[in-house]
Amino acid sequence: MKVIAFVGSPRKDGNTSQIVDSICAGLKENGHAVEVYNLAELDNKGCQACDSCQANKVEYCAINDKMTTLLPKMADADCLIVGTPVYMMQVSGDTKNFLDRLFTFYVRSNHTARYLPGKKYITVTCSGAPAEAFGSVTEYLNQLFSGSFQMENAGNITAGNLMSKDDISKQQEVLKQAEDMGRKLS
Ligand SMILES: Cc1cc2nc3c(=O)[nH]c(=O)nc-3n(C[C@H](O)[C@H](O)[C@H](O)COP(=O)(O)O)c2cc1C
């Protein structure tokens, strides 16, 4: 199985990154190929609403940046992992910019999706507040991936009480849950 993972926190080796890495460690045990990208490093220019993708003027996206090169990789993958910290009660800006670029997978003319339907996805959200406070962010991501993109939910990790970069190390049970989630994916 090919897996592509995106981390929406600029904090290297922070909480989101560590949870995503744990999922990937579980996946790698079973020989799955995993690629992880940090969204802050992609220099994503953001969707320009040029409509080229919806007008089929390009296969994926008219923007000439690294993000465009990753869209076919997403189309080719079997599973997508998206991890985000909660910023101002929502996904981080880098994550939102990334999600906007997935417009190419949405078919506006008939409100369906292309390339992504049937693929698996996992979400990870990390907040400073207790986990229960931001179930809404996980719900939003599920609405997008299960709803708009007709993907199959392979797991959601909603973690909380994570203020400092390494707070997740005090919640080994969450890291174990993540590793198990990756290990069980097939
Ligand atoms: C700009 C900014 C906004 C944040 N907003 C919230 C928030 O609205 N609610 C919350 O619970 N935590 C908030 N946090 C805390 C982060 O969600 C939390 O520390 C998270 O674990 C960071 O993940 P990371 O270690 O992967 O960067 C915010 C942090 C930053 C830097």
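## Burial of Phe6

Buried means under 20% relative accessible area. Phe6 has 0% relative accessibility and therefore counts as buried. The structure is a predicted model, and the values in this report are computed from it.

Phe6 lies in strand β1. Leaving aside neighbours within four places in sequence, Phe6 is in contact with Tyr37, Leu39, Leu70, Met74, Leu80, Ile81, Val82, Gly83 and Phe98. The C-alpha atom of Phe6 is separated by 20 Å from that of Gly135, a residue 129 places away along the chain.

## Aromatic pairs

How many aromatic pairs does a search of the whole structure find? The search gives 8. A pair of aromatic rings is described by the distance of the centres and the angle of the planes.

For Phe6 and Tyr37, the ring centres are 5.8 Å apart and the planes stand at 25°, so this pair is stacked. Because Phe6 belongs to strand β1 and Tyr37 to strand β2, the pair ties together parts that are 31 residues apart in sequence. Tyr37 is buried, with a relative accessible area of 16%. Ring pairs also bring in Phe98, so that Phe6, Tyr37 and Phe98 are linked into a cluster.

In the pair Phe105 and Tyr115, the centres are 6.1 Å apart and the planes are at 90°, so the pair is edge-to-face. Phe105 is in the loop between α3 and β5 (106-107), and Tyr115 is in the loop between β6 (112-113) and β7 (120-126), so parts 10 residues apart in sequence are tied together. Phe105 is buried at a relative accessible area of 0%, whereas Tyr115 is partly exposed at 32%.

An α-helix has 3.6 residues a turn, so residues three or four places apart point the same way.

## Packing of α1 and α5

Two packed helices are described by the angle between their axes and the distance between the axes. For α1 (residues 15-29) and α5 (residues 172-184), the angle is about 35° and the axes are 6 Å apart. The crossing of α1 past α5 is right-handed.

On the α1 side, the contact is made by Gln18, Ile19, Ser22, Ile23, Gly26, Leu27 and Glu29. On the α5 side, Val174, Leu175, Ala178, Glu179, Gly182 and Arg183 take part. By class, the contact has 6 nonpolar, 4 polar and 3 charged residues.

Not counting residues up to four places away in sequence, Ser52 touches Lys57, Val58 and Ala62.

Conventions. Residues are numbered from 1 along each chain as its sequence is written. This is a predicted model: local features need pLDDT of at least 70, side-chain atom pairs count only at pLDDT 80 or more; totals for chains, interfaces and linings use all residues. Side-chain values use heavy atoms; hydrogens and water are left out. Contact means heavy atoms within 4.5 Å. Axes are lines fitted to C-alpha atoms, for helices over the stretch in contact, and angles run from 0 to 180 degrees between N-to-C directions. Helices (H or I, at least four residues) and strands (E, at least two) are DSSP runs, numbered from the N terminus. A crossing is left-handed if the near helix is turned anticlockwise from the far one by less than a right angle, and right-handed if clockwise. Ala, Val, Leu, Ile, Met, Phe, Trp, Tyr, Cys and Pro count as nonpolar, Asp, Glu, Lys and Arg as charged, and the others, Gly among them, as polar. Rings of Phe, Tyr and Trp (its six-membered ring) pair if their centres lie within 6.5 Å; planes under 30 degrees apart count as stacked, over 60 as edge-to-face and the rest as tilted. Buried means under 20% relative accessible area, exposed over 50%, partly exposed in between (1.4 Å probe, protein chains only).
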